[in-house]
Amino acid sequence: MIWGVLQFPGSCDERDALHACEVVGGEARLIWHEDRDLSGIDGVVVPGGFSYGDYLRAGAIARFSPAMEAVAEHAAAGGPVLGICNGFQVLCEAGLLPGALLRNQELRFICKQTDLLDDRGDVLSIPLKHGEGRFYAPEEMLDRLEANGQVAYRYADDHNVNGSVRNIAGVRNEAGNVVGLMPHPEHAVDPLTGSIDGRKVFEALEGFAA
Amino acid sequence: MSAHRELGLTDSEYDLIVEKMGREPNTVELAMFSLLWSEHCAYKHSKKLLGKLPSDGPRVVMGPGENAGAVDVGSGYAVAFKVESHNHPSAVEPFQGAATGVGGILRDVFAIGARPIAVLDSLRFGELDSVRSRHLLDGAVRGIGHYGNSIGVPNVGGEIYFEEPYEHNCLVNAMCIGFAKTEDMVRAAAAGVGNAVVLMGATTGRDGIGGASVLASAELGEGDDAKRPTVQVGDPFEESKVLECCLELLAKGLLVSLQDLGAAGLTSSAGEMASAGEVGIDIDVGKVPLREADMEPFEIMVSESQERMLAVVEPSRVEEVRAICAKWQTESAEIGVVTDSGHIRILKDGEVVGDMPVEALVDGCPLYDLAPAAPAAWIYGNKQTLAAGTDSAETLLALLAAPSIASKKWIFQQYDSIVGSRTVRRPESADAAVLQLPESGNAIAVSIDGNGRKVACEPFNGTVEAVLECAQNLACVGAEPLGLTNCLNFGNPEKPVPAWQLDRAISGLAAVCEELGVPVVGGNVSLYNEGPDGPIYPTPVVAMVGELPDPARTAPSSFAKEGDAIGLLGPFTPTLHGSEIAKQRGELELGLPEPKVAAVAEACATVRDAVRAGKVASAHDISDGGLACALAESSIGAGIGCRADLQDLRERGCTPDEALFGEGPGGFVLSGERAELEALGALIIGEVGGSTIELAAGDRSLIIGLTDATEAWRSLDARAESDAEPPADA
């Protein structure tokens with residue numbers, strides 16, 4: 001599987017994402033934000049960081065980049081897309097994922113190892129680091145997301161440090177090929193730097209590759 | 001007041017400028033001289049002393065005089081590092097002061113072609129119960145986080161002390177570590193007559209005008225609020241683009257030399273590039289991209305607008321350089337040319353508005369001898385906070401809750417410590433930060449330290465202790481020192497006691513580095529750190545970088561498992577001089593015993609080898625709060641209690657108080673298999689296990705529950721929360 005990792009001015013975790021894609025057994029290359037060409041790419045990672053300084057609103061400017069137009073087409077065609085942290089914010093701003101990310105409840109940036117629960121109830125130890133990671137959606141939308149199985153990851157009890165509604169850490173689109181989450185699976189692929197549970201987040205999307 | 005005095009120059013310095021120029025300087029020239037002849041840029045009260053520091057070594061790639069020092073880590077790679085202060089800006093406006101402190105130190109590191117891979121910081125504030133201290137702490141932590149988090153460089157460690165003498169004049173020292181292929185590194189010297197001088201990055205505005213002379217080279221005092229406009233404003237997004245842009249330009253070999261714009265802006269970067277290259281530079285201020293159209297030439301030359309870099313480029317490559325800048329959406333402008341005149345000339349639309357010999361401007365400032373005098377007695381306050389007769393258990397809890405000892409989780413959790421995938425040991429999980437270097441197949445460890453209270457007790461020995469503390473921290477993770485950098489934060493050098501402190505501290509630094517064989521590859525000096533009540537504690541912050549062969553072989557500072565033996569290793573002879581308990585009892589006084597450097601170095605080597613060989617399960621150096629605190633910290637981190645008898649220290653002549661809470665260099669707390677620890681020469685003092693911390697020292701003994709100890713050690717979280725409203729834009 002060949003992953004393309006978007007690179008915006010202000011991206012921070014793109015090299016970590018490249019490395020993680022390689023660790024899970026794929027190839028990976030950077031896609032410059034002005035590039036519309038995703039040919040040869042099986043899956044896309046929209047990485048963490050502060051694209052365009054997160055000025056205006058996190059992810060609000062990056063969504064208009066040429067690369068994101070290509071990502072929207074790729075997603076519409078059923079190709080896998082993983083948005084991590086700022087990438088999740090970008091995907092929400094682009095309307096590819098439901099909901100929005102607000103400033104953390106405590107109004108402070110927080111960096112911490114957290115436990116997540118996936119669909120199957122498996123516990124994944126994955127770090128998070130963000131200032132605007134509080135997932136929010138209106139009640140009826142949340143009901144719908146839950147009914148459709150669109151909640152991809154939840155914080156385990158006592159691990160919801162940002163105040164996200166219904167402990168939601170990550171969501172997917174209706175088709176399931178676009179997933180976004182605030183914690184950083186690319187920082188959980190090497191036992192030396194923490195845990196390896198992040199690999200599962202990448203692997204869970206491999207089935208959508210054409 | 002005459003113009004030169006207002007700019008911080010003395011009458012005799014002004015006369016010397018007139019003599020060197022052969023005429024009176026005009027406004028532009030006077031502004032430029034006042035900055036480059038300021039303490040901050042010219043090191044005029046410290047340069048003579050700094051010459052004592054050993055700076056050579058087989059692993060040194062870049063030494064003092066470059067934007068950052070660098071050491072060889074093998075396989076063709078080097079690690080660059082530097083610490084710099086941003087004390088006065090942070091005391092005036094903590095968020096931007098600290099943020100731009102991080103921005104500035106990052107630029108120093110990528111200016112030599114190294115990618116920043118980690119930030120650490122060393123902070124000093126007044127006591128935590130002061131509203132002002134909590135405000136400064138909150139602002140500085142937010143500022144450091146804002147800049148470092150946004151630019152994607154992990155903050156992997158640091159240290160903080162809260163002491164009354166920093167109440168008015170806080171310290172914010174930021175350190176950056178960079179990693180580079182040695183062959184890609186670049187120096188700052190301008191070269192090649194006819195080459196273009198290109199300014200890259202942010203536009204130039206009126207922010208930070210006079211920062212180096214007005215803020216950094218004078219004491220703080222009444223009316224500092226009015227100096228707020230001299231504090232620069234940071235934009236980490238701009239820096240992130242400039243950083244990537246510069247690294248791409250260097251990787252493509254398009255730059256002859258590169259220099260960041262820090263204190264004194266264009267004036268110092270152009271001056272220093274010309275001086276190092278023994279050439280001249282013409283700068284046309286009319287070509288500098290401005291934020292405000294009507295800026296005067298002198299304002300353009302002294303502006304400290306952030307996120308700017310100056311490069312020397314061969315004329316044929318200017319277009320290619322500017323295209324890469326455009327790709328990164330960062331400004332660039334060809335603003336000057338390298339000449340053979342030996343002069344810095346400032347032009348505006350072809351007209352010369354300033355013309356100064358480089359030698360006079362950059363190296364002409366007189367260097368002063370200090371007039372040191374030792375104080376007759378302790379010059380700082382003594383405030384008792386621990387009641388006489390407090391029992392040992394309560395004393396230990398009070399020490400664990402001391403803000404300088406308690407867990408700093410509240411702070412480091414606000415920093416991204418993991419971006420870059422190098423962080424093997426996160427904050428508070430080991431005595432030193434450990435970063436893996438897969439490119440060169442090994443790892444580095446970093447420690448930063450500087451207990452000003454001990455330096456105030458005796459500047460020579462206190463500084464030696466600070467260096468030994470770093471060396472011990474590195475040993476605990478299995479690292480061997482490669483090099484050291486420092487930031488010397490002191491009071492007004494024109495006064496006898498701060499002069500004595502500075503003189504003795506530098507002598508101590510030179511002596512211990514010489515004896516340990518650790519080269520000092522760079523440094524920074526911040527003087528005039530005083531408030532209305534007098535000078536700060538003399539605070540030489542030292543940062544040491546070490547190498548370890550295998551990132552998988554490091555030891556945590558917490559105990560590993562129930563049943564492990566606890567060993568005490570090293571020439572540890574604790575005393576109460578300058579200790580946290582002496583502070584809390586209000587018993588601080590002059591004097592600190594002379595450390596046994598060679599014996600400590602030997603113990604470090606033993607611990608280092610044991611950690612590398614996997615013979616110990618944990619390693620923690622004995623530092624603030626003494627052996628009792630070290631044992632408690634190793635227990636709290638593990639969530640397992642311990643039991644120890646400190647009789648062995650009693651046999652070294654220590655009182656029970658000294659054995660429990662006394663401090664001093666050279667002590668390690670190790671845990672692991674009893675036989676392994678004994679083979680290392682450690683004294684077996686106890687065992688890991690249970691849910692209490694039980695310590696005995698002669699007729700004194702204590703038992704505290706692990707829960708109580710943990711609560712005390714974690715108490716900073718609640719107490720640090722500022723009463724101030726958070727800024728809306730953070």
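Author: Let's start with the pair α15(B) and α22(B), which sit roughly perpendicular to each other, because angles from 65 to 115 degrees count that way. Keep in mind as you look that this is a predicted model. The angle here is about 70°, and the two axes are 10 Å apart. If you want to find the helices, α15 covers residues 392-401 of chain B and α22 covers residues 626-638 of chain B. Their crossing is right-handed.

From α15(B) come B:Leu396, B:Leu399 and B:Leu400, and they meet B:Ala628, B:Cys629 and B:Ala632 from α22(B). Sort the residues of that contact by class and you get six nonpolar, with no polar and no charged ones.

On the α8(B) side you'll find B:His146, B:Tyr147, B:Ser150 and B:Ile151, which meet B:Pro236, B:Phe237, B:Glu239 and B:Ser240 of α10(B). The class count for this contact is four nonpolar, three polar and one charged.

Stepping back to the whole chain, chain B is split into domain 1 (1-37 + 187-368) and domain 2 (376-417 + 555-720). The C-alpha centres of these two domains of chain B are 49 Å apart.

The stretch to treat with care is 725-730 of chain B, where pLDDT is below 50 and the model shows four contacts beyond near neighbours in sequence. For the complex, the predictor gives an ipTM of 0.96 and a pTM of 0.95.

Finally, the partner chain. In the model, 23 residues of chain A are in contact with 24 residues of chain B. On the chain A side, α1 (14-23), β6 (110-117) and β7 (123-130) each supply at least two of the touching residues. The largest share, three residues, comes from β6(A). By class, that side of chain A has eleven nonpolar, six polar and six charged residues.

Key:
Residues numbered from 1 in each chain as written. Chains lettered and ligands numbered in written order. Predicted model: local features only at pLDDT ≥ 70, side-chain atom pairs only at ≥ 80, totals over all residues. Domains from an automatic or database assignment. pLDDT = per-residue confidence, 0-100. Contact = placed C-beta atoms within 7 Å. Axes fitted to C-alpha atoms, helices over the stretch in contact; angles between N-to-C directions. Helix = DSSP H or I, 4+ residues; strand = E, 2+ residues; numbered from the N terminus. Parallel < 35°, antiparallel > 145°, perpendicular 65-115°, else oblique. Left-handed = near helix turned anticlockwise from the far one by under 90°. Nonpolar A, V, L, I, M, F, W, Y, C, P; charged D, E, K, R; others polar.
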